[in-house]
Amino acid sequence: MSDTKKKLPVRPVAELKPEEARAQAKLQFQVNQANLFLAKFKRPPIPLQELAASEPDPRIGASTEQARDAYWGGDWETIRTVYKSPETPIEAKDAIRAMMLDEDAGRQALANDPDLAAVFLSTADPDTLADTDLWAALGNKKTDVIAASLMTIAKKQPAPNDQPLDRETQRDPALFSVLAEQLTLEAWNDTSNAIGARKRGLGPRVCMELWRSHGYDEICALIRSGVDTSVAARAEGSGTGGGVRTGFVQPVQHLAAKCLRDIASIDTERSADWTSFANRQVRGAAKINAALEASDTAVTLTKWKDVQDSDMIKEFQKNPGTIWGFEEVRQSYVDAAHETPQGVQPLRMMELWKAVEQALSADGYDALLANPKAAADKYINAALGNDLAEPYADKDKATYIANFKRDAKAFLLEFAAQVPKATVIRPARDATGGARPGVSVADIAGVSSQLMPGIACKAGLWWAKNEKKPVYYILDGVDMDDVVNYKTLKNQAISNFIDAGGQPAGAQGHHETITLVEIREILKHWDELGFTPGEGGVRFVEKGKMLDSQDLADKLADWQTRMRDADTAAGRAPAPERQEFKHDLDAIDPAVFAKLADGEEGDKDARDIVRKANYLINFANTRPQYALKYLMSKCDVLRSYGLIPVGLPTTAVAFSGIVSRDPPAPKSDVEAAERELVAEIKRCRPMFQKPLAKAILDQPLIGRDRVKAALRQ
Amino acid sequence: MPDDAARAQWVTRVLGYTFASAQRAQAASQWQAAKDSVDAQLRTLSDLLRKTGIRTLADVSDEVAGLLVPTHVSMTTALLAYDKEPAKPETRSAALAAITAAGKFLASDERVDAVDTNPFGVTVSAAATLGAALRDLQLVLTRRGAEA
């Protein structure tokens, strides 16, 4: 029996010291008497839990004696309350911990209460854990309990040098190490096949907390023991900062990779203005990069000079372009490129963002579609109110701003010309046909999170191609399995969202991972977006090296095949119940709701009708020359439910052909084709008639007249 | 003390004769004093119960504080009526009936026993203090009836 146990002896009354037996008997007597009192008032006796939960409770307080009383009563709830009370002295907590770890009943109580166990372990003396039977008692809860303890410890700051350690508030490296070793690498590097699945996150989550609390040595120890520091995890919420970016816990490798330029500047003039926090973090990043290099587990370059001397930066100087990839990973390449004479321009979408973000709201997007040039100018002028070119000296600043204006304008015009998928962020309709405040069709479908930035960034790829700018896409840190299986994972996330009650229940929907969405866009449209000398396009980069043509061809073929197969297997995205879209459907056609197919396919149809109808109308209004192509290739669901006549595309194609015939068709033929097309358009639901007339009736005539005018000139 | 009251007290103490007005005043004040005394004890107990933070005890604390309210209302109503018309047999009978009912309540209600024997270290003497007051009142009113 340990000294502590002598102070807090085991439960059997026979082993109690006389004064403790008396105290216990007295307490029990008092409770009994109180219950007799209550009985005369026809009240129930006092439940033991109520004694524990009461505040203030004469049995709960800041003393070992009171903790002991609770222990003698086998009252674990009270012990928990005593332990958590800020008034309970550290000595009492130490005693309670030792007591519970030594006793079978105590260990069982901890196993039954993982939260309490995690609290205990996060403040335990590591020596007391050396030969404990707690791990066995915890059984299958062991991993969860230790994981929670490690998260708690990782959040604590280290003890200042030469100061006594307080494990309540400070991180004990020895305790962290003992607990970390209790987990298998499988637990640390959970391989569950889902982006951001909760199980998958232990390594990244703990590392993120350590990154925030300057636990660099602990991170290095994890790296040395085989913890994978290259994977991300889903964060709570969707914020950015402190190791989290747009809702994802960043792999700590990415965080360290971002600091390469700063690491090279340690103890130089450039570091003179750094805050103490930044100084410690940069030095910590240096340690992490060294550990990654030593363990040969780095997925990025780990030295600033390697970035500066990389093939990519050399290529950039010959063919300046934009630099893409995970934000933190590409940062060092962006830093290096900006330092070159060719780098005085926006090098990533983030640098255009002050202008771009204004087009990402429903109103901002509508304004852009309605009048692209005017809206683009307005957004750019507003963005120029920010100090966009701060890092540059005067001459370069003017150059940078001029380039910013050029690139932002070109991007916004391209964004306006893209398939108007962003219409799904428009408000859904209510029972009166009016807008539901704060609820979009995308919200209802469970796809709104990061949707607009994703669409904008995909448009950015097309903008770069149109501008003949090379796109240097850094693949470091990208798991191509995540790219390939993205649709499956997205469908699963939407399915979970629906199962959790969907938008009305505030469930969390799919969270777009922009980098993965961009790469999928590239793979789908490689023929158009891929690099062609002199024409720009995408060039993939791995650890600073350009993927050469043979490497690229092999990898592309593999990625594209696997992605197509996975997408086919994933099928259509799940949809919420059709009722969620009823008001939007009624606005299109009050009869269509009753016509929907049975089961989940009908729900998907409901969603797609609402989505496609909006796309089509926007397409017809903003890009009339492409409306017919969209109508033919993407609008089957509208035709199959009779919202658009089945024969409309054929009639429209015939009309277009007659109008553009050379030599010109007889007037009577044109008029006959026009009459036929008008009849078909009139068979469309009313909301489609005007936009479609503009797109597929007026547009060919306008085109013909332009040709005629050009010929006359 | 007013002269009349002082004189009445002297007559009662020295000569053993009780004035009618003094009888009423003594009876009412005796009940009120006894009731106030016990109420203070019950408030102390009620406060303690509430401050334990134990819900079951806190729940009962109001009932403890208000334990005497119904009895006090009956007694006060009856005594005020009697004070107004002491010569009227009905008011005296009603007052005596209220005193009897109060006595029965003190003797039979378990809650009175509970507060008097409470284990919380607060001295409460509801049965004894109020019982004595009721007995005195009963004696005075009975005597008054006999005199009438």
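Me: Which cluster do ring pairs link A:W324 into?

Reply: Ring pairs tie A:W324, A:Y473, A:W526, A:F540 and A:W559 together into a cluster. A pair here means rings of Phe, Tyr or Trp (its six-membered ring) with centres within 6.5 Å; planes under 30 degrees apart are stacked, over 60 edge-to-face, and the rest tilted. Over all chains, the structure holds twelve aromatic pairs.

Me: Before we go on, what kind of model is this?

Reply: It's a predicted model, where local features need pLDDT of at least 70, side-chain atom pairs count only at pLDDT 80 or more, and totals for chains, interfaces and linings use all residues. Residues are numbered from 1 along each chain as its sequence is written, chains are lettered from A and ligands numbered from 1 in the order in which they are written, and side-chain values use heavy atoms, with hydrogens and water left out.

Me: Why is the pair of A:Y473 and A:F540 called edge-to-face?

Reply: The ring centres of A:Y473 and A:F540 are 6.1 Å apart, with 70 degrees between the planes.

Me: How do you know whether A:Y473 is buried or exposed?

Reply: Buried means under 20% relative accessible area, exposed over 50%, and partly exposed in between (1.4 Å probe, protein chains only). A:Y473 has 0%, so it is buried. A:F540 counts as buried too, at 2%.

Me: What kind of aromatic pair do A:W526 and A:F540 form?

Reply: A stacked one: 5.8 Å centre to centre and 10 degrees between the planes. This pair also links distant parts of the chain, with A:W526 in helix α30 (residues 526-529) of chain A, 14 residues from A:F540. At 16% relative accessibility, A:W526 counts as buried.

Me: Why is β10(A) described as largely enclosed?

Reply: Five of its six residues are buried, so the rest of the structure largely encloses β10(A).

Me: What makes β9(A) and β10(A) partners?

Reply: Two strands pair if DSSP finds at least two bridges between them. β9(A) and β10(A) run parallel and are joined by five bridges, with A:P470 standing opposite A:G537. On to strand β11 (residues 545-546) of chain A: two bridges join it to β10(A), running antiparallel. There A:V541 stands opposite A:M546.

Me: How many residues lie between β10(A) and β11(A) in their hairpin?

Reply: Two, and A:K543 in the turn has a positive phi of about 45 degrees.

Me: How do you know that A:R539 lies over a ring?

Reply: The test is that NZ of Lys or CZ of Arg is within 6 Å of the ring centre and within 35 degrees of the ring normal. A:R539 lies over the face of A:F531, at 4.4 Å from the ring centre. A:K582 lies over the face of A:F593, at 5.3 Å.

Me: Where is A:L260, and why is it called buried?

Reply: A:L260 is in helix α16 (residues 260-264) of chain A. Its relative accessible area is 3%, so it counts as buried. Contact means heavy atoms within 4.5 Å; leaving aside neighbours within four places in sequence, A:L260 is in contact with residues including A:N289, A:W304 and A:S332.

Me: What makes the link between B:D113 and A:K40 a salt bridge?

Reply: The side chains meet at 2.7 Å, N to O. A salt bridge needs a side-chain nitrogen of Lys or Arg within 4 Å of a carboxyl oxygen of Asp or Glu, so this one qualifies. Between chain A and chain B the count is three salt bridges.

Me: How much area do chain A and chain B bury between them?

Reply: About 1600 Å², 67% of it on carbon and sulfur atoms. Buried area is the accessible area (1.4 Å probe) that two parts lose on being put together, summed over both. A:F37, A:K40 and A:F41 supply 44% of what chain A buries against chain B, more than any other three residues.

Key: Helix = DSSP H or I, 4+ residues; strand = E, 2+ residues; numbered from the N terminus.
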